[in-house]
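Keep the structure open beside you as you read.

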Amino acid sequence: MPTEAVHDLRALSLDVNRRRAELSADIRAAAQVGRTPGQIDGYAVQSRPAILRRLATMISEKLPRQLDRLVTPEPAGVALTTAVALETGLPTTVVRADGGIGGAIHRGERVAVVVQVTASGDEAARTADAACAHGATVAGVFAAVDLDQGAGATLATAGHTLHAVVTISGSESPQDRGLSG
């Protein structure tokens, strides 16, 4: 049996908390900016197929059942959102910095906003608000990594809910992150 197949079977048998802890460790190893805790290069996360694949699976597992579309900010979330689209079969739309869209959002659609990394939550809120301005209902904002810098509160104030696969805080110890032992 190829090594990849053995790894994939092992991942299926791990509980979600263990999968999240291992993914978090891999993200830190691949994407930590310099040696500064709590800073993650989102593009480095998306450039690793093994990490991107697991993130897409874990985000897909968090998505509500009744969705019409995935929405993401340009250019940061495109690779991750495409991976989630391949996992779910949902179409995607990109929100540009000026609030315009690439693709379509139809009035009455229920969408999920997918972002690679949230810090303050401002970009995620702008993306969600743009989807609403085009007539969609946002079912939630789904982040690969939340840096625990206020995104949840920012999004809540804007009427949106943050769902993060991994939360990374610069002040966490390895035990707090679930990475010990």
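## Salt bridges

Two salt bridges are present in the structure; the term means a side-chain nitrogen of Lys or Arg within 4 Å of a carboxyl oxygen of Asp or Glu. This is a predicted model, in which local features need pLDDT of at least 70, side-chain atom pairs count only at pLDDT 80 or more, and totals for chains, interfaces and linings use all residues. Residues are numbered from 1 along each chain as its sequence is written, and side-chain values use heavy atoms, with hydrogens and water left out.

Helices (H or I, at least four residues) and strands (E, at least two) are DSSP runs, numbered from the N terminus. Arg19 is buried, with a relative accessible area of 18%, while Glu61 is partly exposed at 47%. Here buried means under 20% relative accessible area, exposed over 50%, and partly exposed in between (1.4 Å probe, protein chains only).

The other bridge is formed by the side chains of Glu109 and Arg69 (2.8 Å, N to O). It links distant parts of the chain, 40 residues apart: Glu109 sits in the loop between strand S3 (101–102) and strand S4 (110–118), and Arg69 in strand S1 (residues 69–73). Both Glu109 and Arg69 are buried.

## Nonpolar cores

Which residues touch the most other members of the largest nonpolar core? They are Ile27, Leu55 and Ile59, out of 27 residues. Such a core is a set of buried Ala, Val, Leu, Ile, Met, Phe, Trp, Tyr and Cys residues joined through side-chain atoms within 4.5 Å. H4 gives the most to this core, with six residues.

Leaving aside neighbours within four places in sequence, Leu55 is in contact (heavy atoms within 4.5 Å) with Leu23, Ile27, Val45, Leu80, Ala144 and Val165. A second, separate core of 20 residues includes Val115, Ala124, Ala128 and Ala136.

Phe142 belongs to strand S5 (residues 137–146) and is buried, with a relative accessible area of 2%. Beyond its neighbours within four places in sequence, its contacts include Ile59, Val114 and His163. Phe142 and Val114 are 28 residues apart in sequence and 4.8 Å apart in space, C-alpha to C-alpha.

In helix H5 (residues 78–88), the buried residues include Leu80 and Val84. Gly89, with a positive phi near 85°, follows H5.
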